[in-house]
Amino acid sequence: MTQHEVVLAGVGLTKTYRARGAASRRGLTRPALKDVTVELRRGQVLGVIGESGSGKTTLARCLALLEPIDQGQILFEGEDTKGLKGKELRAHRRLIQTVFQDPMASLDPSQTVGSALTEVLSVHNLRPREERPARVAELLDVVGMPASAAHRRPAEFSGGQRQRICIARALAAEPVVLIADEAVSALDVSIQAQVLNLLLKLQRDLHLTVMFISHDLHVVEHVADHIVVMYAGEIVEHADAKDGIASLTHPYSQALAAAAPTVAKAAGKEEP
Ligand SMILES: Nc1ncnc2c1ncn2[C@@H]1O[C@H](COP(=O)(O)OP(=O)(O)O)[C@@H](O)[C@H]1O
Ligand SMILES: [Mg+2]
């Protein structure tokens, strides 16, 4: 295998959610994913763009083995994940961590940050028990939070800090792949740049393989090595990020590019 080895791949993924109500009775179902093929190469960032409803989160959840697919294959380190159950499935899920848009929805408001992080370590039996408090402090430090944050609850933090906590929790699992699904989209523009730079620094320092999902093409251009554009459950275009968004030729991609704000410029100026 070369250094561009594919860590995680979706091949011909198709997924249709069961429709509810009248649409279901009339048999109206539109696939959320239609024959989607993607590859995440080791140590690289795959950017996924597309408007709301195009299937980005569905793709993330299927690749993270959180959601079953109807057709196709999900390969982890070249091995088909089909049929994984119980302990093996949990072990694979540990290696593919996801950070979603809304940290408040992802965190338990009644649980201290320290307890949330410790839980990940104990569920996956990572680190000897006596080393876990130090590991929690280390994880907080890695995401730029003080060790004292461990004793506090999610509501005591800002949106950006909460997202850092979600990132720390994902890292606690020692993943190989990190999927950031609109992870900065809900944050103020200045905070977006900081969290974006944190993600990039972690990706480099920890050699993570990353799928970075955003509806903002400029942000994706800034962070990604390779870009795919989703539209109505399909990948309509692939591009090398170094060629820039100007190289995108699909009319839908060009419309997205024209509509995108320019957070990436702010992020680029601030070195982590
Ligand atoms: N749990 C669900 N049940 C039914 N339909 C869903 C569910 N999740 C997503 N969908 C539908 O699947 C399509 C893709 O959604 P999603 O993957 O969330 O797109 P995106 O993340 O790009 O906004 C949309 O039409 C959405 O309404
Ligand atoms: Mg989404």
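## Pockets and a ligand shell

By class, the lining of the largest pocket splits into 10 nonpolar, five polar and six charged residues. Here Ala, Val, Leu, Ile, Met, Phe, Trp, Tyr, Cys and Pro count as nonpolar, Asp, Glu, Lys and Arg as charged, and the others, Gly among them, as polar. This is a predicted model, where local features need pLDDT of at least 70 and side-chain atom pairs pLDDT 80 or more, while totals for chains, interfaces and linings use all residues. Residues are numbered from 1 along each chain as its sequence is written, and side-chain values use heavy atoms, with hydrogens and water left out.

A pocket is an open set of points on a 1 Å grid over the protein atoms alone, where a 1.4 Å probe fits, with protein on both sides within 12 Å along at least five of seven lines; lining residues have an atom within 4 Å of a point. Leu66, Gln97, Thr98, Val120 and Arg169 lie nearest the centre of the largest pocket, out of 21 lining residues. For the second largest pocket, 17 residues do the lining, and Leu65, Pro68, Ile69, Thr81 and Lys82 are the closest to its centre.

Now for ligand 1. Around it sit residues including Tyr17, Arg20, Glu51 and Lys56 (a heavy atom within 4 Å). The polar contacts below are pairs of N or O atoms within 3.5 Å.

| Residue | Atom | Distance to an oxygen atom of ligand 1 |
|---|---|---|
| Ser54 | backbone N or O | 3.2 Å |
| Thr57 | polar side-chain | 2.8 Å |
| Thr58 | polar side-chain | 2.5 Å |

The shell around ligand 1 has two nonpolar, six polar and four charged residues.

How values were computed: Chains lettered and ligands numbered in written order. Near = heavy atom within 4 Å. Polar contact = N/O pair within 3.5 Å; in protein donor to acceptor, adjacent residues only side chain to side chain.
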